[in-house]
Amino acid sequence: MSRGRHNRSWLKERQRDKYVQSARRTGYRSRAAYKLIQLDERDHLFRSGDVVVDLGAAPGGWSQVAAARVTDSGRVLAVDRLPLKPIKGVEFIQGDFLEPSVAGRLRALLGAAGADVVMSDMAPNISGIRDSDQARALELTLSALAFADEVIRPSGTLVVKAFHGDALEEIRREVRRKFASVVVRKPVASKDKSSEIYLLARGYGV
Ligand SMILES: C[S@@+](CC[C@H](N)C(=O)[O-])C[C@H]1O[C@@H](n2cnc3c(N)ncnc32)[C@H](O)[C@@H]1O
């Protein structure tokens, strides 16, 4: 298929997509917001007053959902390479999370008390070269895990995007060593043809 035809069919599919339509209607910045809403409906991720870290936050759907759930007494700290238009209740750092200085700024903003929930929806730009795309996706997942291990409060929660593949079982085992429970979730809003899944880990250090 030519690139033009491919783009047109992608556009059509997107226009038909009920989550894209709902997001437009309700003011969510992304269809991805519905993935977090569905995870939260099932697993009750947030409490009022929680401190939440959102890695790979742009354009901001997950941050919008988290800010509403933690209410004014909580905090949402968001990071992305791309800019993020301001969202009430969300503190934002723009930068590449793989740069140690960016994680350092986030740590400083969080302070010693740490986070109740760390979530990462980070995904690399797809180059089409399978091995390198997988390696970059894995690097992002692992960097989110390492950061979570530093800043999550005892009993805290982790939600991290990962992809089906060779490394998934190993990642899951690694997460299980640090948390009381780990499950794999595939919210309905996550497209079947995407190999993305979310690891949901609860009870850090318990
Ligand atoms: C699927 S989108 C996130 C959508 C978001 N959860 C929402 O609801 O709007 C993935 C994001 O990860 C970001 N990202 C990828 N690699 C990153 C990195 N190394 N540092 C910071 N952000 C990164 C991308 O810029 C992109 O905005």
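**View 1. Residues around the ligand in the predicted model.** Around the ligand stand 23 residues, and S30, A32, G56, G61 and D121 come nearest. A residue counts as near if its C-beta atom, placed from the backbone, lies within 6 Å. Helices (H or I, at least four residues) and strands (E, at least two) are DSSP runs, numbered from the N terminus. This is a predicted model: local features need pLDDT of at least 70, side-chain atom pairs count only at pLDDT 80 or more, and totals for chains, interfaces and linings use all residues. Residues are numbered from 1 along each chain as its sequence is written.

**View 2. The open sheet.** Its 7 strands run in the order β3-β2-β1-β4-β5-β7-β6, with mixed pairing. Strands pair if DSSP finds at least two bridges between them. β3 (90-94) and β6 (179-185) are the edge strands, each pairing on one side only.

**View 3. The β6-β7 pair.** β6 and β7 (residues 196-204) pair in the antiparallel sense over 6 bridges. V184 stands opposite L199 in β7.

**View 4. Helix α3 and its cover.** In α3 (residues 33-43), A33, Y34, K35, L36, I37 and L39 are buried. Buried means that 20 or more other C-beta atoms lie within 10 Å of the residue's own, with C-beta atoms placed from the backbone; exposed means 12 or fewer, and partly exposed lies in between. The cover over these α3 residues includes α2 (18-26), α4, β5 (152-163), β6 and β7. Contact requires C-beta atoms, placed from the backbone, within 7 Å.

Technical notes. Contact = placed C-beta atoms within 7 Å.
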